[in-house]
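User: Please walk me through this two-chain model, with the terms spelled out.

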Amino acid sequence: MSLSICADCLSRLRISHNPRSSLAIAAVSLTPVSSFHSASVMAKNNSLVKSKKGNRAPESKYRSSQSAKMKKKTRDRPKPPPIGERRAQRHRIVLSNTNALEVPSLENWSKENMTAEENTGRMLGLDGALLDKLRDCKAFKTTQNWSLFRRPATLIRSETIQLGQEIEQVNHSQGKKTVRHLVTGDKASGKSILGLQGMTMAFMNDWLVFNIPEAQEFVNNTSSYAPLKQKDDQAQSEQLYIQPHLTQALLTRALHANESLLKTLKFNHEFPKHLPLKQGTATLKDLVQLGASDHTFAWPAWQALWRELSEPGANSRPRVLIAVDSVDHWMGPSKYRSADFKIIHAHQFTLVRQFLGLLFAKAGSSPPLANGGMLLYSTTGSNTPAFPSFGLLLNQMRARAQGLDPSAPGFPLPAPFSKPDTHVLELMSGLGDVNLVELKGLSVEESKGYMEYFVRSGLLQRPLTEISLAEFRALAGGGVVGELAKLGRRVTV
Amino acid sequence: MVFILGVNFPEHRFIWRSLETFFGIGPSTRQRIMARFHLHNTMKVGDLNQTQILDLTAHLDSMKLENHLRRQIQQDIQRLRDTGTYRGRRHAMNLPVRGQNTRSQIKNARKLNRAERF
């Protein structure tokens, strides 16, 4: 039996302060209108009408099972995509979109206008050969918005120009000048893009580029590792671990991105005998190729390559850029375990230790690169692990940048009775040469140039005025570039 | 197919998953075994080389697993019963062993607490 009122919303009960209208409402409210009521009077009527007309099938005397009447439907299972397809889809980098309007006056970014200050706040395009190299060294990321525009272009901001000037300084210096940068900033403030721009400029100047696009891979226990055999004199120090597949991946990126340059480089030092290379004719490209082709040779090949690049010899060496993204993951214990089930610290991995040793080189140590270069490491804003010791390290760098002496009373120190990470504390002795680049929001001029590019690509379909620009900048937390990009692509009706 | 401790595993299966199929290996033991042989978390059975398979099998051989472990549990219960302890008696009577109330919810105890348990 159906209830005469709806059990869910009690729709017959209407409270009205107007006594005259209450009667009229009561008359109407007998037939509730909405179809989802559990006790619909209309539905009840319908069933009556149907039974009168005799449309319903005659009821059988006995209950019979329903399943006999129902046909079994064969379910078509969609075939899963072939192995690797979905991962490829996930990692695919799309650099062009034919739906976007072409921006006619887009200049290319090249070696000539690399550091031209009048380009600040303008978008400059990236052209063919450079794109291939950047793609090969995995400089592009899926989180960036390259797929929105007709062709890839990047915003030249003041930090880019500064980076370019430093690259030129290294080019002109005769010595082994090495510039060290640690880029930090909020989420979406353009840290990875600055790394990409650094790599672009390095490729323009024929530098050798090594890129680590995701530092987290080294510590999250998803790649092979093995203890490094130590010599007798090192037996007292802690156990180190190598990561053959990650070394192989690093060499593969380096090989494809720098192939033409590596071909021209001859061996300076004693030929590594345990590696199957042709004596005499082999170049550094063969060495890198060997490591890239087989993970068992990757670590010795990397060691031999690094020796060639870091120790001066008869043949001159190119300048080197090393770019590492989301370096904070290297500042604490990893997810790996040793054979006796102790947690392995990130600094016990040889590559991590080597790259961090380059950035935080102790005062008085020998120059890390044979012919100078740049180290461009950046932190992550969206996937930050909680490593307070690294936070302290950054605070110390900020204090140093403000001219605070390490012995001054206000200088940040580990909290008393806390247990700071000793591995990270060791890095603090090498902070002297590291330059902290803190990325903030774009300036008004830069944001204008950036948003204009969205307008001219047909993404932002309203004219850009001073008021709307100010609005965008306010909504984007003071011109944080990633947030501006989100506002620029938003469809406004 | 890879043969580990008498069982064939397909190559695309994760090692952690294969190890946990053995009676007597749970997540904690599995993590320790994998760390012992420096196997990372996302490694598949097909990625193991021959020496690693042999090492792993030798290590698993040395552990008390599967029927050996089941038999030991059996023997422990048998011993309790033979020495006439309270726990042994409770096992023999198919009743809870650890002081639970027996008024209503002892279905599992009835099922599992047996002297002859399989």
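Analyst: Helices (H or I, at least four residues) and strands (E, at least two) are DSSP runs, numbered from the N terminus. This is a predicted model: local features need pLDDT of at least 70, side-chain atom pairs count only at pLDDT 80 or more, and totals for chains, interfaces and linings use all residues. Residues are numbered from 1 along each chain as its sequence is written, while chains are lettered from A and ligands numbered from 1 in the order in which they are written.

User: How many helices and strands does the secondary structure of chain A come to?

Analyst: Both kinds of element occur in chain A. The totals are 16 helices and 11 strands.

User: What percentage of the residues of chain A count as buried?

Analyst: A residue is buried if 20 or more other C-beta atoms lie within 10 Å of its own, exposed if 12 or fewer, and partly exposed in between, with C-beta atoms placed from the backbone. Chain A has 493 residues. The buried share of chain A is 34%.

User: What separates the centres of domain 1 and domain 2 of chain B?

Analyst: Domain bounds come from an automatic or database domain assignment. In chain B they give domain 1 (2–63) and domain 2 (67–112). Taken over C-alpha atoms, the separation of their centres is 32 Å.

User: What radius of gyration does chain B have?

Analyst: The radius is taken over C-alpha atoms, and the globule rule is 2.2 Å times the number of residues to the power 0.38. A compact globule of 118 residues would come near 13 Å. The C-alpha trace of chain B spans about 55 × 30 × 25 Å along its principal axes. Its radius of gyration is 19 Å.

User: How many residues does the contact take from chain B, and how many from chain A?

Analyst: Both chains contribute residues to the contact. The counts are 7 residues from chain B and 11 residues from chain A.

Definitions and conventions: Two residues are in contact if their C-beta atoms, placed from the backbone, lie within 7 Å.
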